[in-house]
Structure formats: C-alpha cells, structure tokens
Amino acid sequence: EWDRWLLMGLIGVAVGMLGFLTHQLIDCLTRLKWDLVENYLQVSKRTNLFYEGNFHMTWICVLGSGLAMILVSSSSVLFFCPAGSASGLPEIIGYLNDTSMQHLFNIKTFLGTFVSCVLGVASGLFCGPEGPMIHLGAIMGCGLSQLQSDTLGIRLPFVTRFRNSADKKNFITAGAGAGIASVLRAPVGGLLFTLEEVSSSWDIRLAWQTFFCCLMATFTTDLLSSSFYGLVYRGHFGFLEVERRILFWDLLDMSVLAFIPTILLGVLGGLLGALFVSLNLKINKLRIQFFNSIPKSSLRKTSKLLETSQMLNLSCKLSVTLKHMRTNAVHNFVNIVFCISFCPAAAALLAENGKQGITYLFKRGTPGEFGYASLCTALAFYFILSCWTAGSAVASGLVIPVLYTGALYGRIIGLILVSIFGIQTNEYGAWIDPGLFAAIGAASFFSGVSRLTISLTVIMVSMFS
C-alpha cells in the first residue's frame, strides 16, 4: 500500500500549493484594485473618515476593474468549461453516487474553474473560494491518481492498478477533502466534511488516507504562506505564526450563562438558513426558466454573462452611493466599505473578499466598533446578494458568505446583550461580548444552510485554536 499512501501525500501537497496560490492571487488582485481606487478618494488624516472624493471616478474605477474580472470569470465557465460553473460540489457528490457526468475532471475544467474562482472572488462579488477549491482538489485527486488525460493525449505507464472506478473515487474523495482543508486550515474538518457531505462509501483505511492527504494539504499551505505575502517573499520560511496559521485568531472565554443566547442563535440560524436555501432555490428556478426560454445557445450564454455583470454593478452602486450619504444611520457602514486601504481597524463590513470583514466582526473587546444600523444594513445587503450570487455563472463558494452573514446577526445579538447588561470588565462577565456571539452566529448560520453538524464544529474549532 506504500504507493497509495505516496499518492495521497502528493495529492495533498499539490492541493496545498494550489490553495496557497489561489489565496495569494485573490489578495494581490484585491489590493491592486483598491490601490487604483485610492487615487480618487480623499481621506481626513485626523478622523480617518472619507469626507470628499470624485464620486464618478470612484464608481468607474470600482465598477470597471471589477467588471473586467467578472467578465473573464464568467466567460471562462460559460464558453471555455461549462462543467466548472457554480461551486462544483453538487457535481462531485453526484459523480461519487454513480451519476455519469462528462468533462467534470478534465484539464479544461480545472483551468476554467481556477480562473473563474480567483477573478470572481477578487472582483467583489459576495462569494468565496471554498466550493471551487473542493472541485479543484477532486480534479487533482483524479488526475494524479490516474496519470492520464484524454484532452492532452497522455497515458503514463505508472500506478495502473488504480485505474478502476473504486480507487478513482477514493482519490477524488481525498482530493475534495484536501481542498476544503487547505482553504480553511482544518485537516480534521476536511476529513469529517468528506465523511458527512461528500463520500458515498467509507472504510477505516480510506479515513486514515484522507486525513493524511488533508494534513499534507494544510501543512503545505501554511508552510508556503509563512514566507510569502502577496506573492512577495518575506524571508520567514517555516515560521508558522499563530495569527497567520489560524484564520480568525482570538481567545474565546465562555460562561455557562452564554448558552442561553447561544440557543437563541441556534434557532435563528436554523430559521434564516432555511430561508436562505428556500430563497436560493426559488431564484435558481426562475433563473433556469428564464434562460431556457431563450432559444439560441449563444444568446443564452450572453444573458448569463450579463446577469453576473449586473450583480457586480449593483454591489458597486450600493457601496459607492452609500459612501456619499451623510446620515448617521449608514455612517459606520459607509466608512468601513471604503477604508480598506487606509484604516485597517475600520475595514470590516463588506470587505472585498469577506474574510477580513469576518475577522473584525469576530474581534473581542470592541463593543462600540459597529452600531445597529451598520450591522443591519450590511446584513440585508449581504444576505440578498450572496443568495442571488449562489448558482450564477461564476465558480464560487458559500462558506465565507454564510460565515459573514451569521457573524453579522450574531454581533447584533451581542450588542443587544451589551445594551442590557452594559460593558463588562471583570473576567466573569467578559463573555458578554459581541465578537464572541458573532463567532457563534457564524457557526449557526453555516449549519442552518449546509445541515452540517460534527464536521462544522471541528472546522470552527480549527479556525480558533
């Protein structure tokens, strides 16, 4: 079995390198876009608040750069690899349950999904890279275990004993788990995710091999991330800093009394999760009916391309227009949207890729950082637009959007508790903190949408420890 373990390790390393590259490219493109926007914004150095700016040029820069990315992103899955559309996770689950699907694991699907994922997330759409990374990991698991490609006409004379349906599915399962483990830095969570959500058959041998694959993927991503930031070498290869290794690093102290609002958040997460899924199904049903009513295939694909462009257009209009509104109700919200390049402490709500925004929502000891109006405004926008984005013609994931949405209403519950009991400075009352309930709310909404339980718990614990 040494060759099987060797392949599992190689798949994990390859997926880890891919996860590192994905995150680095998204960060680079996001930073380039905001560096361009910076030229048309004026900032008060004393207050760190935007007071004036060229509204039209700001909107053109935000929309233009994002639109260029989203057009390439959507075109890559519409015209280059239709099998890479949306997240790819349902297709992987279908294949592992003996549903025949063409072009799901070929090189064109891999390239198209990768390009679409990176540009879609960097453009500013309310989505994340998690779903496509599962698909990309599964493709790498398939390709490295079979060592053959019909597209490239390659058929290497190695590991031929794995060229059967059962072994192929096992390596695809391990690759999918490595994809989620790499993007969330959670090897045990990746293993349990494949067990709970992906795999159709399971045994103890596959469990250990999948865990080894996930472990190698996480280690490779962490190792490369330790020395590179924005694809620039920092000279700290192998130094795994805690803040860089853990996505949302913060200490969480709890009290038994915290279980009362936690139960409320669990119920709220289930209700809102059901609403999100129901609304998304209705949107996708209408989307399918509308596009199927268009007779010409080329016109149908162009209409899908226009839909993704319109989603980005709406997001840019909302953010740029709100920036110029002077009412106190949206003051914090507006400031946060456009302070990403200038004021990191305020750059939380509607951050470009969502991860930075989640980090600030989870932050402890900042009860006055965001008000009710800013949180409720962001919650309404993010809930609706992320629900609309899911299922569109862009390779995108839902993990970051659902964590973000849950963190928003979780922090609102935390603010309500602070309003009732006040800011607690003693160690026994420190659990009354909006950041703590933002983390609990994120987990509740994630569970409500995905129906995950055990694997989700492990993933959330891995993010914080």
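**Figure 1. Phe-276 is a buried residue, with a relative accessible area of 2%.** Buried here means under 20% relative accessible area, exposed means over 50%, and partly exposed lies in between (1.4 Å probe, protein chains only). The model is predicted, so local features need pLDDT of at least 70 and side-chain atom pairs count only at pLDDT 80 or more, whereas totals for chains, interfaces and linings use all residues. Residues are numbered from 1 along each chain as its sequence is written, and side-chain values use heavy atoms, with hydrogens and water left out. Phe-383 also counts as buried, at 11% relative accessibility.

**Figure 2. Aromatic pairs, of which the count comes to 12.** Rings of Phe, Tyr and Trp (its six-membered ring) pair if their centres lie within 6.5 Å; planes under 30 degrees apart count as stacked, over 60 as edge-to-face and the rest as tilted. Among the pairs is that of Phe-276 with Phe-383, which is edge-to-face, with 5.5 Å from centre to centre and 85° between the planes. Because Phe-276 belongs to helix H10 and Phe-383 to helix H14, this pair ties together parts that are 107 residues apart in sequence. The pair of Trp-431 and Phe-437 has ring centres 6.2 Å apart and planes at 70°, so it is edge-to-face. Trp-431 and Phe-437 are both buried. Phe-276 and Phe-383 also belong, with Tyr-409 and Phe-445, to one aromatic cluster.

**Figure 3. Helix H10 (residues 259-292) packs with helix H14 (residues 372-389) at an angle of about 45°.** Two packed helices are described by the angle between their axes and the distance between the axes. The axes of H10 and H14 are 9 Å apart, and the angle makes H10 oblique to H14. Axes are lines fitted to C-alpha atoms, for helices over the stretch in contact, with angles from 0 to 180 degrees between N-to-C directions. Angles under 35 degrees count as roughly parallel, over 145 as roughly antiparallel, 65 to 115 as roughly perpendicular and the rest as oblique. The two helices cross in a right-handed manner; a crossing is right-handed if the near helix is turned clockwise from the far one by less than a right angle, and left-handed if anticlockwise. H10 contributes Leu-272, Leu-275, Phe-276, Leu-279, Asn-280, Ile-283 and Arg-287 to the contact, and H14 contributes Phe-383, Ser-386, Cys-387 and Trp-388. Contact means heavy atoms within 4.5 Å. By class, eight nonpolar, two polar and one charged residues make up the contact of H10 with H14. Ala, Val, Leu, Ile, Met, Phe, Trp, Tyr, Cys and Pro count as nonpolar, Asp, Glu, Lys and Arg as charged, and the others, Gly among them, as polar.

**Figure 4. Helix H13 (residues 355-362) packs with helix H15 (residues 399-421) at an angle of about 25°.** The axes of H13 and H15 are 10 Å apart, and the helices are therefore roughly parallel to each other. Their crossing is left-handed. On the H13 side lie Lys-355, Gly-357, Ile-358, Tyr-360, Leu-361 and Phe-362, which meet Ile-400, Leu-403, Tyr-404, Ala-407, Leu-408 and Arg-411 of H15. Nine nonpolar, one polar and two charged residues form the contact of H13 with H15.

**Figure 5. Val-198 lies in helix H7 (residues 187-198).** Val-198 is buried, with a relative accessible area of 1%. Not counting residues up to four places away in sequence, Val-198 touches Leu-89, Ile-92, Ile-93, Leu-96 and Phe-193. Val-198 and Ile-93 are 105 residues apart along the chain, while their C-alpha atoms are separated by 5.4 Å.

**Figure 6. Gly-141 is placed in helix H5 (residues 130-146).** Gly-141 is buried, with a relative accessible area of 0%. Leaving aside neighbours within four places in sequence, Gly-141 is in contact with Ile-11 and Phe-171. From C-alpha to C-alpha, Gly-141 and Phe-105 are 9.4 Å apart in space, and they are 36 residues apart in sequence.

**Figure 7. Asp-433 is found in the loop between H15 and helix H16 (434-450).** Asp-433 counts as buried, at 7% relative accessibility. Lys-363, Arg-364 and Gly-365 are touched by Asp-433, not counting residues up to four places away in sequence.

**Figure 8. The protein chain holds 17 helices and six strands.** Helices (H or I, at least four residues) and strands (E, at least two) are DSSP runs, numbered from the N terminus. Of the 465 residues in the protein chain, 54% are buried. Among contacts between residues at least 6 apart in sequence, 77% join residues at least 24 apart.
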